[in-house]
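Colleague: Hi! Could you walk me through this structure in plain words?

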Amino acid sequence: MADSPTSLRVVLASGSPSRRALLRGAGVEPEILVSDVDEEAIAAGLGPQADPGDVVAALAEAKAEAVAARLIEAASMGGPPSSGAQILVIAADSAFLSGGELHGKPHLPDVAWSRWQKMSGQVGTLLTGHCLLRIADGRIVARAQEVARGDIQFGDLTGDEARAYLATGEPLEVAGAFTLEGRGSWFIDRVEGAPSTVIGLGLPVLRRLLAEVGLDVAALWRAAGTAERLSAPDGELPVTTPR
């Protein structure tokens, strides 16, 4: 059974507007604390032959650890933590795998243009590493990690469409140079896997990881004040076994 801390802070270790909007739309109001880790240095440290899944996992963990360290330090300076007060740190990192090569944010229009020339009409994979850290009594008491993937079938873009999309600036600061929830959605024919994973934070993955650290979705809703607005019947739902 999931624990019920008397007070739970939910901290998103990311400045991504998409991830924040995803959580808020799902009933969670996270605090935002950007890790500022050197992503390129971490990826380079893993070596050029590193498995793409290991790269996004390492980056998500590094972000979570950096933010957790800052939170723990801040709490220690403020005196003993109150009984039952806990913090959940949520971190993620995404990268796009296409043609056997892992791509992060393009940053520059020329780079994004080159990628779209290769992606148009093709299938690529968005990998998202997730890391959850639960903090209590001034230390990390539980952690959970998972890498999820979503396969994306891109439509055939015309040159004018691609140039117009790049001119919006939207694809420059997102993994893979596209978004599922924004203007990029015009050019995505099909997604295999949880759509939220492609956006950058897989909600089904987070639900599994919450269980691993002793929490559940209801705890996050209570922390956000979005739970228990209506009365609900007592008892457990029946468990069915697939035939």
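Colleague: What kind of model is it?

Modeller: It is a predicted model, where local features need pLDDT of at least 70, side-chain atom pairs count only at pLDDT 80 or more, and totals for chains, interfaces and linings use all residues. Residues are numbered from 1 along each chain as its sequence is written, and side-chain values use heavy atoms, with hydrogens and water left out.

Colleague: How many helices and strands are there in the protein?

Modeller: The protein has eight helices and seven strands. Both are DSSP runs numbered from the N terminus: helices are H or I with at least four residues, strands are E with at least two.

Colleague: And which strand pairs with β1 over six bridges?

Modeller: That is β3 (residues 85–98), which pairs with β1 (residues 7–12) in the parallel sense. Two strands pair if DSSP finds at least two bridges between them.

Colleague: How does the chain cross from β1 to β2?

Modeller: Through helix α1 (residues 17–25), in a right-handed β-α-β crossover. Right-handed means that, with the strands pointing away from the viewer, the path from the first strand over the helix to the second runs clockwise.

Colleague: New topic: what volume does the largest pocket have?

Modeller: About 1100 Å³. A pocket is found on a 1 Å grid over the protein atoms alone, as an open set of points where a 1.4 Å probe fits, with protein on both sides within 12 Å along at least five of seven lines; lining residues have an atom within 4 Å of a point. Grid points are joined across faces, edges and corners, and the volume is the space filled by probe spheres set on the points.

Colleague: Which residues lie nearest its centre?

Modeller: Of the 45 lining residues, those are Glu 39, Asp 93, Ser 94, Gly 104 and Lys 105. Elements giving two or more residues to the lining include α1, β3 and α3 (52–77).

Colleague: Where is Ser 94, and is it buried or exposed?

Modeller: Ser 94 sits in strand β3. It counts as buried because its relative accessibility is 14%; buried means under 20% relative accessible area, exposed over 50%, and partly exposed in between (1.4 Å probe, protein chains only). Leaving aside neighbours within four places in sequence, Ser 94 is in contact (heavy atoms within 4.5 Å) with residues including Arg 19, Val 56 and Gly 200. Ser 94 and Lys 105 are 11 residues apart in sequence and 9.2 Å apart in space, C-alpha to C-alpha.

Colleague: What phi does Asp 36 have?

Modeller: A positive one, about 60 degrees, although Asp 36 is not a glycine. Most residues other than glycine have a negative phi. His 107 has a positive phi too, of about 70 degrees, and lies in the loop between β4 and α4 (109–119).
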